[in-house]
Amino acid sequence: MSSLSYAIQVSCTTGKPSFSPKIDNSSGAASLSSSISFKTFLKEVQKNSIFHHVPNKIKEASVKLLDAFVDSAFEFSDQPLLPSQSNFAPVEEIGKAVQVTGSVNGRIPDNFPAGVYIRNGPNPLFGGFKSTKSIFGKSSHSWIEGEGMLHALYFFKDSKGKWKISYNNRHVETDTYKLERERAKPSFLPAIEGDSLAVLLAYLLNSLRFGEVNKFLSNTNVFEHSGKLYSIAENHIPQEIDILTLETRRNWDIEGSWIRPFTSHPKKAPDTGELVIMGIHPQKPYFELGVISADGKKLLHKVDLKLSRCCLCHEIGVTKRYNVIMDFPLTLDINRLVNGGPLIKYNKEEYARIGIMPRYGDADSVKWFYVEPSCTFHIINCYELGDEVVVLACRARSSIIPGPDFGSNKFEWFSKGFDEKSENVSFFSRAYEWRLNMHTGKVAEKNLTGADYSMDFPMINENYIGGRNKFAYTQVIDSSASSKSGMAKYGGLAKLYFKETTEVEYHEFPENTYCSGAAYVAKSGEDADEDGGWIITYVHNEDTNTSQVYIVDAKNFTSEPVAIVTLPSRVPYGFHGAFVPL
């Protein structure tokens, strides 16, 4: 999944479509449910598929017949965007890097590191997100599903020590991206949001035609490991990216040892540099954890945690000795979908727990702490303090996923969730702390920030991951703008100073200016202070339709940006970013 603080509606029902169908959706889904589980269903499809044990020419003819059926039975249409949602629309690739050195307002600090600020986000092919309708019902893409596009700003110094800055963007060319681009039209049927029967048939037809039930998105995050850059969304394995050209090089499966979904937020273990990963899947094993060698060449450890459900866990945490697992009551369930319910569901009545596991432990070694049910997508940091493991994160009372029931007014539902004047602001997210005592098993938990601002997409100086940190930074939601648009918009940044009472400073943007993909840029040198660097972020001014990059001094956080770089192309709102020194 992509970063999930954006307005995403991912639900399915067996309700009949709004037009007159010739097939009863509810009875069809019920019949399928009563005969076989979805897991068995897929196995039967694969075992009895017309593509097995037949010559290639017959396979090609069969695909053409299925394509003809899809073209005749399913009608694709564009999903409209409101004027207030205009910067969620996709852009074209600019083709090659463009110099923007002359477009800097202010001054890039001399001790700012040379490197690349790169951000990922959805940028759907063929003009935007699609919906389909057929006699089987309706299905739609959600905002999360656009193909990934990387936006990169390069900082280099010439031989005279003067800054040279350039900008580039490029799609992440996953296998399914290349397939649809070659076909030059939408081909995969939307398979997450919609009427249950339509979604199930999308799974089936996509699998028969392409060998995959849905597209590989690679639109959520970027990360560096062992000198290589990767793009990732957690429905597939990462893609290695040429950091200088943004070309997609290859899929990274660690020499074939990891062939399941891969978290969007892997973590480097303190001291060792090993990469801790995990992958969720709606079929058993629901949750597997892995440890990759520091050189990226070998999977050193892989274990099934034997969870009893597939929790939509977006991020894993690490301390010096432990892995931190968030098993919260936002779940994916294929059998629930087959039975007419939503694929993804948040149930506040179910349990929430945090698992603390030795780095190379197994399912039996996890110590579980039950906590108050809530929704947490993003971890700020984790560290050990005496007998306790401290977990810091951004936490909301409810989940923006899966949204309202399919067919309900999504705009109204999301707008109400963002409205700070609403009686139940369910999407309001605060910095939160859990203290888990490994000796006594006791839990202490509390909010660290107040009700003035909702915040998410946290970041810290990465040199402090897994160790005790004094500072963290977040993007701050503009509740009014988000409510009016029905999409999350971040109108500023926050700096958190963790003391007995957490202190917060705010950096507010100009009116109608919003950010995405903020990242911390550390100052080089071992004597650098934890907050001695900068926050860098893409911003867009909706009044002027201008996209820029802000560089904010982390120590002088409330001051004006030290530099603003105006970009030659609009940058749509997206997900996570990173600064990679070169």
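Asparagine 512 sits in the loop between strand 33 (503-508) and strand 34 (513-521). Keep in mind that you're looking at a predicted model. Asparagine 512 has a phi near 60°, a positive value in a residue other than glycine. That's worth a second look, as most residues other than glycine have a negative phi, and most peptide bonds are trans.

- Asparagine 512 is partly exposed, and its relative accessible area comes to 26%.
- Leucine 246 isn't a glycine, yet it has a positive phi of about 70°.
- You'll find leucine 246 in the loop between strand 13 (239-241) and strand 14 (248-251).
- Is leucine 246 buried or exposed? With a relative accessible area of 0%, leucine 246 is buried.
- The peptide bond that runs from lysine 284 to proline 285 is cis, and its omega is near -5°.
- Proline 285 belongs to the loop between strand 16 (275-280) and strand 17 (287-292).

**Cysteines and disulfides**

- A disulfide is a covalent bond between the sulfur atoms of two cysteines.
- How many disulfides does a search of the whole structure find? The search turns up 0.
- Take cysteine 310: the closest cysteine sulfur, in cysteine 311, is 6.4 Å from the sulfur of cysteine 310, so it's too far for a bond. The cut-off for a disulfide is a sulfur pair within 2.5 Å.
- Cysteine 310 is buried, with a relative accessible area of 2%.
- Cysteine 394 counts as buried because its relative accessibility is 2%, and buried means under 20%.

Conventions: Residues are numbered from 1 along each chain as its sequence is written. This is a predicted model: local features need pLDDT of at least 70, side-chain atom pairs count only at pLDDT 80 or more; totals for chains, interfaces and linings use all residues. Side-chain values use heavy atoms; hydrogens and water are left out. Helices (H or I, at least four residues) and strands (E, at least two) are DSSP runs, numbered from the N terminus. Buried means under 20% relative accessible area, exposed over 50%, partly exposed in between (1.4 Å probe, protein chains only).
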